[in-house]
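Dear colleague,

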Amino acid sequence: MFAVVTPEKIQLPPGAIVRLLASWQDYQALTQQLGDRSIPRIKYRPGEILLMSPLPRHGREANVIADVVKVLLDHLGRDYEAFTPITMELPEISGIEPDYCFYIDNWAAVARKDRINWGVEPSPDLVIEIDVTSYTDVNDYLPYRVPEVWLYKKNQLKIYQLQSDRYTVVTSSRYFPNLNVSGLIAECFRIAYERNTSVAIRELRQKLASEN
């Protein structure tokens with residue numbers, strides 16, 4: 001299958017990335033053309049559009065990590081809102097679709113809302129990105145000042161925190177400071193691959209409960 005991008009049709013084979021020189025207006029036209037479709041993914045940076053068709057592995061890994069986050073938040077008794085898919089946009093500056101995002105400190109600001117006014121209302125507290133095809137750049141979240149971005153790439157989790165005007169790799173999450181998040185996620189993936197995701201998440205819950 002070949003990549004096809006025309007005003008009438010957008011078709012990308014799994015794993016493909018297409019980079020186009022384009023304006024904000026072009027980006028808006030493409031997002032309208034895509035409508036509610038979640039594939040391909042679309043990203044806007046000033047002067048260019050990136051389209052990516054994710055592999056099945058992409059969605060599976062995003063869901064496993066998001067499930068881990070939900071278990072950890074429930075374990076800590078934290079309220080939250082979670083979104084996927086969601087499109088974040090700042091006119092003429094950025095358009096991006098995180099794999100998963102969580103409102104933790106600011107959950108009440110977006111609860112029960114159908115639309116979020118980016119640049120006015122808070123950005124997500126935590127974004128999860130899976131990079132299988134070198135499509136992801138954590139700096140895409142700088143315009144939104146997302147406090148923390150988790151990037152899962154080559155079977156490793158990196159935690160980036162916003163410090164001043166740049167992202168820095170850190171060893172622990174601000175939302176789970178007393179938990180070895182990277183270790184817990186690695187263990188969940190091991191169990192998920194050996195058995196299945198439901199067993200991995202169930203055993204994580206049991207592990208956390210036993211440590212109380």
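The model is predicted, so local features need pLDDT of at least 70 and side-chain atom pairs count only at pLDDT 80 or more, while totals for chains, interfaces and linings use all residues. Residues are numbered from 1 along each chain as its sequence is written, and side-chain values use heavy atoms, with hydrogens and water left out.

Overall fold

The protein has five helices and 13 strands, taken as DSSP runs numbered from the N terminus (helices H or I, at least four residues; strands E, at least two). Its radius of gyration is 18 Å, which agrees with the value near 17 Å that a compact globule of 212 residues would have; the radius is taken over C-alpha atoms, and the globule rule is 2.2 Å times the number of residues to the power 0.38. Along the principal axes, the C-alpha atoms fill a box of roughly 55 × 40 × 30 Å. Of the 212 residues, 48% count as buried (under 20% relative accessible area; exposed is over 50%, partly exposed in between; 1.4 Å probe, protein chains only). Among contacts (heavy atoms within 4.5 Å) with a separation of 6 or more, 55% are between residues 24 or more positions apart.

The largest pocket

The largest pocket holds about 950 Å³ of space. Its 32 lining residues include Thr-84, Pro-85, Ile-86, Thr-87 and Glu-97, which are the closest to its centre. The elements giving two or more residues to the lining are α1 (24-34), β4 (41-45) and α2 (56-76), and α2 provides the largest share, four residues. By class, the lining has 13 nonpolar, 10 polar and nine charged residues. A pocket here is an open set of points on a 1 Å grid over the protein atoms alone, where a 1.4 Å probe fits, with protein on both sides within 12 Å along at least five of seven lines; lining residues have an atom within 4 Å of a point. Grid points are joined across faces, edges and corners, and the volume is the space filled by probe spheres set on the points.

The peptide bond from Thr-84 to Pro-85 is cis, with omega near -10 degrees. Pro-85 belongs to the loop between β6 (81-83) and β7 (88-90).

Strand β11 and its partners

Five of the six residues of β11 (residues 148-153) are buried. Strands pair if DSSP finds at least two bridges between them. Six bridges join β11 in parallel to β10 (residues 126-131), with Ile-130 opposite Tyr-152. Six bridges also join β11 to β12 (residues 156-163), here antiparallel, and Leu-151 stands opposite Lys-158. β11 and β12 form a hairpin with two residues between them.

Individual residues

Lys-154, in the turn of that hairpin, has a positive phi of about 55 degrees and is exposed, with a relative accessible area of 67%. Ser-164 likewise is not a glycine but has a positive phi, of about 65 degrees. Ser-164 lies in the loop between β12 and β13 (166-170), and is exposed at 57% relative accessibility. By contrast, Val-18, in strand β3 (residues 17-21), counts as buried at 15%.

With kind regards

Definitions and conventions:
Nonpolar A, V, L, I, M, F, W, Y, C, P; charged D, E, K, R; others polar.
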